[in-house]
Amino acid sequence: MDFLNTNTGQNNFNNPNGGHTAIYIDDRPMNNVEGRMTVSGSLMQNIGDPGFNTLDEPIKTTIMRDLKAVGMKFKHVLYLKEKNTLLKEWDLWGPLMLCTFMAMVLQASPDSIQVGDGGPEFAEVFVIIWIGSVIITLNSKLLGGTISFFQSVCVLGYCLLPIVIALILCRFILIFEQTNFLFFIRFAISIGSFLWATYASVVFLGDSQPQGKKALAVYPIFLFYFIMSWLVLSHTV
């Protein structure tokens with residue numbers, strides 16, 4: 001891009017129009033300059049800057065950036081090294097994906113409903129997850145928690161990842177003919193996912209609770225993930 005030179009010339013003081021500024025481009029005077037100045041790609045603002053705008057970027061770029069952000073949050077749940085990411089950059093895309101996947105897998109088949117031994121319906125799983133998250137969040141706020149409503153819902157939703165992994169493994173085990181040994185494996189997987197989900201959520205949310213009230217905040221979290229793990233273990237269709 002050529003730079004604009006506002007040189008007034010050497011005879012500016014003797015020129016009656018000394019106040020006039022001539023515009024030069026490549027040392028050539030230009031009487032009229034039309035057009036607009038754009039910011040080059042290297043000068044574009046980064047995510048998090050006050051003036052950052054994603055309206056002009058391709059849809060593919062937006063989707064890939066959001067998927068990478070969700071993947072990084074999943075990684076932080078499995079490897080508890082950075083516990084501030086879920087709180088600072090919260091979103092509900094990950095919890096929505098996990099909730100939808102669990103509802104689709106756990107829902108009862110039409111044949112099992114007829115014999116009266118089916119699992120929960122799609123809407124029932126949705127209600128258990130989201131209403132449970134809301135109740136836990138309200139309990140945390142009433143106890144004096146320092147995080148926002150959506151931050152708590154985000155953490156509780158992302159911490160369902162170990163239980164979703166257990167659901168996939170248990171679903172794979174159900175392909176084979178069931179024995180006491182396979183049931184024990186499913187039981188161990190469900191218990192392990194329950195403990196990891198509870199521990200991860202406590203790590204993320206523990207510092208937001210006042211001293212002396214953490215046990216009251218952890219108890220409903222314990223019940224929430226216990227119910228979800230029980231749904232995984234009891235799923236046999």
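I185 is placed in helix 8, residues 180–205 (helices, H or I, at least four residues, and strands, E, at least two, are DSSP runs numbered from the N terminus). The structure is a predicted model, in which local features need pLDDT of at least 70 and side-chain atom pairs count only at pLDDT 80 or more, while totals for chains, interfaces and linings use all residues. Residues are numbered from 1 along each chain as its sequence is written, and side-chain values use heavy atoms, with hydrogens and water left out.

I185 counts as partly exposed because its relative accessibility is 26% (buried is under 20% relative accessible area, exposed over 50%, partly exposed in between, with a 1.4 Å probe and protein chains only). The C-alpha atom of I185 is 9.8 Å from that of L169, 16 residues away along the chain.

S133, in helix 5 (residues 122–142), counts as buried because its relative accessibility is 2%. Apart from neighbours within four places in sequence, S133 is in contact with V153, L156 and F224 (contact means heavy atoms within 4.5 Å).

The unreviewed UniProt entry lists residues 122–143, 155–175, 181–204 and 216–233 under "transmembrane region"; such annotations may be inferred rather than shown by experiment, and the positions are given in the numbering used here, with feature names shortened. Residues 155–175 are 81% helix and 0% strand, with end C-alpha atoms 32 Å apart. Residues 216–233 are 100% helix and 0% strand, and their end C-alpha atoms lie 26 Å apart. W230 is found in helix 9.
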